[in-house]
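Dear colleague,

Here is the structure I said I would pass on. My notes on it follow below.

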Amino acid sequence: MNKIKAGVVGTGFIGPAHIEALRRLPNIEVTALCEVNLEVATVKAAQLGIERPCTFDQLLAMEDIVSVHVCTPNFLHFSQAKAALLAGKHVVCEKPLAKDLHEAAELVELARETGLVNAVHFNLRYYPLVRHMKALRESGELGDIYSILGSYLQDWLFYNTDYNWRLEPDKSGDSRAIADIGSHLMDILEYITGLKTVEVMADFNTIHKTRKKPLKAVETYSGKMLQPEDYADVAINTEDHANVLLRFDNGNRGSITVSQVSAGRKNQLKLEISGSNKTFAWNSESPNELWVGNRDKANESLMRDPSLVAAGAQSIISFPGGHNEGFPDTSKQLFKEVYDAIAQNKMPEHASFPTFADGYRELLICERILESNKKQGWVTV
Ligand SMILES: NC(=O)c1ccc[n+]([C@@H]2O[C@H](COP(=O)([O-])OP(=O)(O)OC[C@H]3O[C@@H](n4cnc5c(N)ncnc54)[C@H](O)[C@@H]3O)[C@@H](O)[C@H]2O)c1
C-alpha cells in the first residue's frame, strides 16, 4: 500500500496523541517530526520512532509530505497553518484555530482558495454517543430544543503553583478557560443541537490573580516537580472560571460554566440538552453511557454499542458494546474522515469533520464572550 506521509509539528501533550491515532489507521505513515529546534526534534523523533526529525522549513520543503498536523501553542497556529497551506499541504490544526478572528478569517479564506483539506481537531465530537445525539436530533426524536446546560471543568490549574504557556495571553490569546476548553464545549453544543448561539452574556473570574511561574520549562500536565526557589511571581489576567448565559436562534436559552480550578474534576465535559420529547445527559468522563430522560415512562440509560446507536453513529465505532472506547479513539475516528478526504486530494463540499470554518465560528463566539465579560452585558454574536 502506498501510505500517505504526514508530518507533525509539536510533541508536548497533544502531538503524541495525534501520532498514536494516525498510526492506528492503515493508510497513513507519520514520516516527519518538527519541534522547537532540530536538537529537540531529533530526541523526540528517536523516542517516538519517527524517521525524519526536521525544522519547520525543512518539513514544508519535503515534497512527499502530504499533510501537516499543527500541535503547537496557540500563537503559532496561524503562521504554521498558513505556511503549510501555501506549501500545498493539507492541514489538521489544533484548537483554537488562531489567536484572534482576523487570523482565523485569513486561514478560512486561504484554505478555500487552495482547495486543500483543512480540519480543526475538535475531537470531542467523535465520541460515538455525541454523534448518536446529533443523529437523533436530526431525525426529530429529541424534538424542539427547550434548553441547554453545559460545563467543562478541570483541576490542572487548581494551585497557584500550576503554570503553563496558556496563562500568558501573548501565547494563548486574551481568553484562557473559554478559549481552551469552552471552545470544545461551544462546538459540541452547536454540533449536536444544530442551533446557532446568537447572544451571549458572560461573567469571568480569575481566582489566582498571581501565579508562581517556574523558572524552568514544564510540559502540559507534567505535574508538580519543582521547589519554591524555582518560581517567580506573575500577574494573571485571564479567567480561571467563567459563567456564560446563551440565547439560541430558536428563541430558547442555555448556560455554560467552565473552570480550570475545580478540584477533582480532571477533564469533565458535561451536557444536558432538553427537547420537547426527551432529555439527553452525557459526561465525557463516562463517555460510553447516555442518560435519556422521559416524562411519561421510565428514564433510560444507553451503553454505547454499534448495534444500538443511530445508523449515523455506527461508522465511528470500532469495538463492540462493553469494550470501552475513549479519548484516544476520538482522534482516530476524526482522522479517518479527514484522511478519506486527503486520499481524494480534495476538500469535500460538506465535510463530516470540523473544518477551519468551524474553528472560525468558535473564535467568533469566544471573542463575543470576552467582549460581553468586558462590558458586563449581552453581546450579539
Ligand atoms: N483537542 C484537544 O483535546 C487538545 C488537548 C490538548 C491541547 N490541545 C491544543 O494543542 C495545542 C498544544 O497543546 P499541548 O497541551 O500539547 O501543549 P504543550 O505545551 O504540551 O506542547 C507544545 C509543543 O509545541 C512545541 N513547540 C513550541 N514552539 C514550537 C515551534 N516554534 N515549532 C515546533 N514546535 C514547537 C513545544 O516544544 C511542545 O512540545 C494547543 O493549541 C492546545 O489548545 C488540544
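**Helix α6 and its surroundings**

The buried residues of α6 pack against α8, β14 (279–283), β15 (289–293) and α9 (311–314). Please keep in mind that this is a predicted model. The buried residues are P128, L129, V130, R131, H132, M133, K134, L136 and R137. Just after α6, G140 has a positive phi of about 90°.

**Domains and core**

The protein chain is divided into domain 1 (4–124) and domain 2 (128–325). Taken over C-alpha atoms, the centres of domain 1 and domain 2 are 25 Å apart. Contacts between them involve 11 residues of domain 1 and 16 residues of domain 2.

The largest nonpolar core has 96 residues, and L59, V91, L97, L107, L185 and V338 have the most contacts inside it. Helix α8 (residues 177–193) contributes the most to this core, with 9 residues. At least three residues of the core come from each of domain 1 and domain 2. In soluble globular proteins, nonpolar side chains tend to be buried together.

One of the core residues with the most contacts is L107. Apart from neighbours within four places in sequence, L107 is in contact with F78, A81, K82, L97, A98 and F356.

Two packed helices are described by the angle between their axes and the distance between the axes.

The axes of α5 (residues 101–114) and α11 (residues 356–375) come within 9 Å and cross at roughly 165°. The two helices, α5 and α11, are therefore roughly antiparallel to each other. The crossing of α5 past α11 is left-handed. On the α5 side the contact is made by L101, A104, A105, L107, V108 and A111, and on the α11 side by F356, A357, G359, Y360, L363, L364 and E367.

For α8 and α11, the axes come within 10 Å and cross at roughly 120°. This crossing of α8 and α11 is right-handed. Helix α8 makes the contact through I178, A179, G182, S183, M186 and D187, and α11 through D358, E362, I365, C366 and I369.

**K171**

K171 lies in helix α7 (residues 169–172). With 15 other C-beta atoms within 10 Å, K171 is partly exposed. K171 and P73 are 98 residues apart in sequence, and their C-alpha atoms are 6.6 Å apart in space. Leaving aside neighbours within four places in sequence, the contacts of K171 are P73, N74, F75 and W165.

**Backbone geometry to check**

Most residues other than glycine have a negative phi, and most peptide bonds are trans. The following places depart from that.

- The peptide bond from K95 to P96 is cis, with omega near -15°. P96 sits in the loop between β5 (90–93) and α5.
- N345 is not a glycine, yet its phi is positive, near 60°. N345 belongs to the loop between α10 (327–344) and α11, and is exposed, with 12 other C-beta atoms within 10 Å.
- Q376, also not a glycine, has a positive phi of about 55°. Q376 is in the loop between α11 and β17 (379–380), and is exposed, with 10 other C-beta atoms within 10 Å.

Regards

Methods
Residues numbered from 1 in each chain as written. Predicted model: local features only at pLDDT ≥ 70, side-chain atom pairs only at ≥ 80, totals over all residues. Core = buried A, V, L, I, M, F, W, Y, C linked by C-beta atoms within 7 Å. Buried ≥ 20, exposed ≤ 12 C-beta atoms within 10 Å, placed from the backbone. Helix = DSSP H or I, 4+ residues; strand = E, 2+ residues; numbered from the N terminus. Domains from an automatic or database assignment. Contact = placed C-beta atoms within 7 Å. Axes fitted to C-alpha atoms, helices over the stretch in contact; angles between N-to-C directions. Parallel < 35°, antiparallel > 145°, perpendicular 65-115°, else oblique. Left-handed = near helix turned anticlockwise from the far one by under 90°.
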